[in-house]
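Hi,

Here is the structure for your set. My notes on rings, charges and surface follow below it.

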Amino acid sequence: MATGHIFIILIPIFFVILIGYLAGLFKAFNPASSKGLNTLVTKFALPAHLFIGITTTPRETLIQKWPFLVTLFLGIIGFYIVLLVGYRIIAKKALTESSMFALNSTQPSFAFMGIPVLGSLFGSAAVAIPIAITGIVVNAILDPLASILGTVGQRNSETKEQGNLFKVTMKSVLHGLSEPLACVPLIGVILTLCGFQAPKLLQSMFDQIGNITAGTALFAIGVTIGIKKITFSPKALSIAVLKAIVMPIVMLGIAVLVGLSHEDVTKAVLLVAFPGSAVAAMIATRYETLETEAASAFVISSVLSLISLPLLISLLV
């Protein structure tokens with residue numbers, strides 16, 4: 001794809017992020033109202049958009065996407081585990097800190113940038129399933145796993161929540177599955193595999209909220225960046241570089257090895273190439289571990305994506 005066409009696609013996207021950034025910077029939004037924007041996207045608009053995208057897809061098309069699920073699982077969960085073990089052994093840090101470092105180096109802002117970026121490249125109808133699969137892997141597996149290990153680490157240091165490991169695990173898994181970005185796509189997948197196809201009226205109903213996803217999500221990213229204070233510490237820079245540069249390269253290798261089509265390779269790589277996730281930074285805050293570094297890495301990786309996304313698109317599309 002020509003460089004000029006890439007920038008025609010990305011400039012409107014980063015323009016909306018910039019507007020949101022200015023709104024956050026000049027205090028039009030505070031942390032509470034920013035959280036409200038994030039809630040609107042992650043709990044209502046995007047789940048509605050994904051549900052309709054999945055339930056208007058033929059069952060045969062959905063079944064054919066299982067290699068994509070395997071690729072996302074290996075690329076996201078595998079990358080998290082490698083970083084977790086490496087940070088714990090090499091840096092000799094506690095389990096909770098290792099889990100938060102690996103989580104923030106792995107989880108992308110797929111919920112906020114997936115629809116506008118991939119939709120501009122492939123059309124909105126072609127990206128609902130890849131984004132839904134990413135949501136299931138991240139929200140139903142990655143976040144619960146990071147939370148379980150974070151809680152175990154705190155419990156072992158006798159500073160936080162007590163209870164047996166089974167209860168901790170079940171609580172984290174159930175919490176992950178209760179998130180709309182995990183359960184709604186999962187319900188859509190099950191219904192589609194059972195032969196359900198959303199009727200026109202249902203599509204129109206869900207589209208009323210789902211159609212606001214792209215612009216609101218991009219604006220929310222900008223607001224979050226605008227209200228965050230950043231530090232250029234070695235940990236923050238490491239998280240940002242791992243997220244924006246190293247992880248897409250790893251995913252490219254995995255996608256090629258699995259044998260995905262060229263289009264699916266591109267989708268898989270771009271889905272993990274988006275900036276780090278504000279949700280992952282919030283999880284770090286919940287565990288009072290790497291709070292400043294995670295928030296800073298989110299901002300730094302967003303800036304890095306201004307360079308990395310155009311390069312990746314030019315190479316892959």
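Lys267 lies over the face of Phe122, 5.2 Å from the ring centre. The rule for a charge over a ring: NZ of Lys or CZ of Arg within 6 Å of the ring centre and within 35 degrees of the ring normal. Lys65 does this too, with its charged end over the ring of Phe68, 5.9 Å from the centre.

Some ground rules. This is a predicted model, where local features need pLDDT of at least 70, side-chain atom pairs count only at pLDDT 80 or more, and totals for chains, interfaces and linings use all residues. Residues are numbered from 1 along each chain as its sequence is written, and side-chain values use heavy atoms, with hydrogens and water left out.

Now the aromatic pairs. A pair of aromatic rings is described by the distance of the centres and the angle of the planes. Rings of Phe, Tyr and Trp (its six-membered ring) pair if their centres lie within 6.5 Å; planes under 30 degrees apart are stacked, over 60 edge-to-face, the rest tilted. That rule gives three aromatic pairs.

One of them is Phe29 with Phe219: centres 5.5 Å apart, planes at 70°, so edge-to-face. The two are 190 residues apart, with Phe29 in the loop between helix H1 (3–25) and helix H2 (31–55), and Phe219 in helix H11. Helices here are DSSP runs (H or I, at least four residues), numbered from the N terminus. Phe29 is partly exposed, at 22% relative accessibility. The cut-offs: buried is under 20% relative accessible area, exposed over 50%, partly exposed in between (1.4 Å probe, protein chains only).

Tyr87 and Phe101 are stacked, at 4.2 Å centre to centre and 10° between the planes. Tyr87 is in helix H4 (residues 66–90) and Phe101 in helix H5 (residues 95–106), so the pair ties together parts 14 residues apart in sequence.

Thr213 is buried, at 1%. Leaving out residues up to four places away in sequence, Thr213 touches Ala45, Leu46, His49 and Ile115. Contact means heavy atoms within 4.5 Å.

What about helix H1? Leu22 lies there. Leu22 is partly exposed, at 35% relative accessibility.

Best wishes
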